Amino acid sequence: MELKRLLVLGAMAILGGWLLSFFGRSRRTSVLLFVVGAALVGMGIAVASEGWVDYLVTPAIAAVIYAILSVGLNVQWGLTGLFNIGIAAFFAVGAFTSAMITKEMPTGLAAEYIKQLFGWGLPFPAGIVGAMVISGVIALFIGLLTLRLREDYLAIATIGIAESLRLVFQNERWLANGPQPLPGIPKPLFCLVEDPPCVWLPGFLKDWFAPLDSRDYEAILLVLLTIALLVIFVLLQQVVHSPWGRVLRAIREDEVAAAMCGKNVFSCKVQAFVLGACVMGGAGALFTASVSTIDFGLFHPMSYTFLVWVMLMAGGSGNQKGAVFGAFAIWAIWTGTTFLSDQLVPFQFKTQVFYVRYMLVGLLLIMILLFRPRGILPEEKGGGQ
Amino acid sequence: MLELIVYGIIYGSIIALGAIGVTLIYGILRFANFAHGDLMSLGAYMALFLIQVLFPMLGVPQERFGGTSFGWPLILALPLAAAGTALVAIALDQFFYRPLRVRRASPVILAMASLGAAFIVRNLIYIFWGPDKINYFPGLVRPAWQLPFEVRLRPDELIIFGVALVLVVSLYLFLQKTKLGKAMRATADNPDLARITGINTEWVRIWTWIIGAGLAAIAGILYGVNALLYPEMGWGFLLPLFAAAILGTVGNPYGALVGGLIIGIVQRFSTLWLNPAYQPAVAFLVLIVVLLVRPQGLFGGRS
């Protein structure tokens, strides 16, 4: 089996088994379901044609990024009950920050066409850290401003910052090339698929990665993102089960009672809001690896605020597993219906179908609120475990 | 300078019509209606349907008054589109918000449902009318009058202000003089106390939607007359609407009127220094200042 298929198989089998294991009621059934899920997905990828493997990788990458966003929103809404409608903005700011930290300042002729505030050419981890910091700072500002006031003022302020940042990014050329896309963002570990491969790689691994060419980069990225999602999930799981996580849930359930117990409600809310925004910013940094250029038009609130909300609410807000499962489930439905409508709908109705799907997503959100407010995987008592 | 004030007042009166609905719904139904901007778009597009499809079919006379867009088509479209939008808002309330209310869902959940409703409405507009920018009367020349003090004004803009003024005065009379208006103000003030005194709060809620959505529809149409229609127009109004409602103290319709005019004037004035594209961001800036300095708004007694 060629290396590319092996990488995709590994990542997807782990993801598939993991998602299925969420439905286990005990540790044993979870392990069993994990094995079954991983085996099924693994066998599927093993026998799939080359074209199908390629076809699956791109949506899988998007699904993992959505899962990270959904988990980030879960910290804000699921745990603490903070209504953030500016997810796309935190995501976008993370993406632009990371892009400019990792790419060099354009030189020569390119400098005439590509304007950016700075370009440090630092390695990718620096981009992730920078993205998280800047998203966190913006969240800190909004949180300090609104979290003392009525709870829906936060929502209004997040719409405000999202729309304002959109206007700034689209009109200020010096900041990040304005309405033009910002090209040439380096991809992490891209050297693995180059010839000759990364200089730091030990000899036997060089041979191992030698057959990959630049078209196979997505397989590497999928593995990288899967690891990132698992790491974020495990770290946040620690947070959820920490005393601090319990305070957040207490605030969500009854703010006054939490305050009576001597908890600083305002400060905890701000911390939770900032933490969630950091995760979203980090997702933005990871997103830059999956595209060659970014412009603010990519970060439309329809795709990156609203869809994430539906994912979290469908999966089960308050439950990290639900957040991840919802992201994959809704994304599967979303791309599945794209595929179906491409195949079935006559050409002249193509644009209408696009909006019909968005409308149905709006309807789905309301239906979840009305009929299944706790989602597919409801929050477990005591936060699970 | 004076010209910017005049433009600001005209634009502000459109914001005010929307903000009055936001603040009434906020005060009486107790949640932030994020679909309000999209109700504005819906009203504007309903009028478009009436003006460009239905009225020509029915043979409504097309003559207009002088150099304005206003003639029978637009005058008939205003109340009809307002009624249509109000019906949609009541339907949204009955199917979506009311079940949540009965379940005593928190205001944030209702706000989230309104976000879903906003998506439904906006995408319905996309489905039926497409994403293009549309003019009510394509090809119509509308010359501006040259008034004293270097103010240029199109007759349309004067009528827009007139319509807004008439509506606000009628709303004032309605809220102050009629029994229903008084019940609405009482419910906004204290819903529990209102129920105890025998006010039918469910009826009050329906009327809140009729007034809020009707005014939103007319605001959307007036904006369309002044500029262009596009499906995201209402979403762009959301920040000015909420900034105006919060500036004028949530629940206070007269405050929303003042807030709308202030936001409108500040937005138009900002074009002296700023790229006009930043006007929604200016509304957000005003909102930040209000939240920092006086979060209870201009007319709020306590925070």
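Predicted model: local features only at pLDDT ≥ 70, side-chain atom pairs only at ≥ 80, totals over all residues.

Residues are numbered from 1 along each chain as its sequence is written, and chains are lettered from A and ligands numbered from 1 in the order in which they are written.

Chain B contains 11 helices and 2 strands, where helices (H or I, at least four residues) and strands (E, at least two) are DSSP runs numbered from the N terminus. Along the sequence, the order of elements in chain B is α-α-α-α-β-β-α-α-α-α-α-α-α. The radius of gyration of chain B is 19 Å, close to the 19 Å that the globule rule gives for 303 residues, so chain B is as compact as a globular protein of that length. The radius is taken over C-alpha atoms, and the rule is 2.2 Å times the number of residues to the power 0.38. Along the principal axes, the C-alpha atoms of chain B fill a box of roughly 55 × 45 × 35 Å.

Of the 303 residues of chain B, 51% count as buried. A residue is buried if 20 or more other C-beta atoms lie within 10 Å of its own, exposed if 12 or fewer, and partly exposed in between, with C-beta atoms placed from the backbone. Two residues are in contact if their C-beta atoms, placed from the backbone, lie within 7 Å. Among the contacts in chain B with a separation of 6 or more, 77% join residues 24 or more positions apart.

How does chain B meet its partner? In chain B, 34 residues are in contact with 31 residues of chain A. The elements of chain B that give two or more residues to this side are helix 3 (72–102), helix 4 (107–129), helix 9 (233–247) and helix 11 (279–293). Helix 4 of chain B gives the most, with 15 residues. By class, the side of chain B that touches chain A has 30 nonpolar, 4 polar and no charged residues. Here Ala, Val, Leu, Ile, Met, Phe, Trp, Tyr, Cys and Pro count as nonpolar, Asp, Glu, Lys and Arg as charged, and the others, Gly among them, as polar.

Most residues other than glycine have a negative phi. Arg30(B), in the loop between helix 1 (2–28) and helix 2 (36–58) of chain B, has a positive phi near 65 degrees. Arg30(B) is partly exposed, with 18 other C-beta atoms within 10 Å. Arg104(B) has a positive phi of about 60 degrees and lies in the loop between helix 3 and helix 4 of chain B. Arg104(B) is exposed, with 7 other C-beta atoms within 10 Å.

In chain A, helix 4 (residues 87–102) and helix 7 (residues 151–171) pack at an angle of about 40 degrees, with their axes 8 Å apart. Axes are lines fitted to C-alpha atoms, for helices over the stretch in contact, and angles run from 0 to 180 degrees between N-to-C directions. Helix 4 and helix 7 of chain A are therefore oblique to each other; angles under 35 degrees count as roughly parallel, over 145 as roughly antiparallel, 65 to 115 as roughly perpendicular and the rest as oblique. Ala88(A), Ala89(A) and Val93(A) in helix 4 of chain A meet Ile161(A), Ala162(A) and Leu165(A) in helix 7 of chain A.

Gly326(A), in helix 15 (residues 320–344) of chain A, is buried, with 29 other C-beta atoms within 10 Å.
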